[in-house]
Structure formats: C-alpha cells, structure tokens
Amino acid sequence: MTIKPASKQLFCQPDEAEDKKTATGIFIAKQMQEKPQTATVINVGADVKGYAQKDKIVYKPYATTEIKLDGSEFFLIAEEDVLGTLVE
C-alpha cells in the first residue's frame, strides 16, 4: 500500500539510525539515538519539482506528518521543508 501525496507533498520513508558503539565497546540502543533527518522519497505530488522517487533527501526537523502503513513508518512533508538531496 502507498499514498498519492497532495500537490506539493512528498511521501517518504525515514532512514533508520545505524548501530553505534562507544570507544569502550558499549552499544547505544537505536531508541536512545537522535533520529537522522534523511529519508527516501517513495512518491511525490503532482506539483513537486526537483524531487523524484528514490531520491535521498535531507529535511527540517519537526516538519513531517508521520504515518504508519502495514507496520512500517512513513511521513508526508511539504516540498518547501526539504533542505536538499543527498548525492554520492
């Protein structure tokens, strides 16, 4: 199941925090880590320009509307709240 976003919205799946280990070898639980502000675009609204499916984006914190579908976390974000695209 997916969502067709409204005109200037992007439907995205947030990236998960990676496992982190301290210098002494202690693992930090993902729940205790800060969430990354990056995501993968799943679908875009009809009026979105400059972003496409599978783009990796960086976005403003607290600018998303979170949604759970089929047990997975997704969010909708306005195009104006996207800061840029990650390029390798």
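Reader: Which residue in S5 is the bridge partner of Thr 38?

Author: In this predicted model, Thr 38 has Val 58 as its bridge partner in S5. The general idea comes next. Strands of a sheet pair through backbone hydrogen bonds, in either a parallel or an antiparallel sense. Here S4 and S5 pair in the antiparallel sense, over three bridges.

Reader: Which residues of strand S5 are on the covered face, and which on the uncovered one?

Author: Strand S5 covers residues 56-59. Ile 57 and Tyr 59 make up the covered face, while Lys 56 and Val 58 make up the uncovered one.

Reader: How many bridges join S5 to S8?

Author: Three bridges join S5 and S8, and the two strands run antiparallel.

Reader: In what order do the strands of the open sheet come?

Author: The six strands are ordered S6-S7-S1-S4-S5-S8, with antiparallel pairing. Strand S6 (64-69) and strand S8 (82-85) are at the edges with a single partner strand each, so one side of each has no neighbour in the sheet. On average, neighbouring strands of this sheet are turned by 40° against each other, direction ignored.

Reader: Strand S8 is at an edge. Is Gly 84 in that strand buried or exposed?

Author: Burial is read from relative accessible area, and under 20% counts as buried. Gly 84 lies in strand S8 and has a relative accessibility of 18%, so Gly 84 counts as buried. Leaving aside neighbours within four places in sequence, Gly 84 is in contact with Tyr 51, Lys 56, Ile 57 and Val 58. The C-alpha atoms of Gly 84 and Thr 38 are separated by 9.7 Å, and these residues are 46 residues apart along the chain.

Reader: Where is Asn 43 found, and what does its side chain lie 3.3 Å from?

Author: Asn 43 is in strand S4, residues 38-44. Asn 43 is buried, at a relative accessible area of 14%. A polar atom of its side chain lies 3.3 Å from the backbone oxygen of Ile 3. Not counting residues up to four places away in sequence, Asn 43 touches Thr 2, Ile 3, Lys 4, Pro 5, Leu 10, Phe 11 and Gln 53.

Reader: Phe 11 is among those residues. Which residue in S7 does Phe 11 stand opposite?

Author: Phe 11 stands opposite Leu 76 in S7. Strand S1 (residues 9-14) and strand S7 (residues 72-78) pair in the antiparallel sense over four bridges.

Methods: Residues numbered from 1 in each chain as written. Predicted model: local features only at pLDDT ≥ 70, side-chain atom pairs only at ≥ 80, totals over all residues. Heavy atoms only, no water. Pairing = 2+ DSSP bridges. Axes fitted to C-alpha atoms, helices over the stretch in contact; angles between N-to-C directions. Buried < 20%, exposed > 50% of the residue type's maximum accessible area, 1.4 Å probe, protein only. Polar contact = N/O pair within 3.5 Å; in protein donor to acceptor, adjacent residues only side chain to side chain. Contact = heavy atoms within 4.5 Å.
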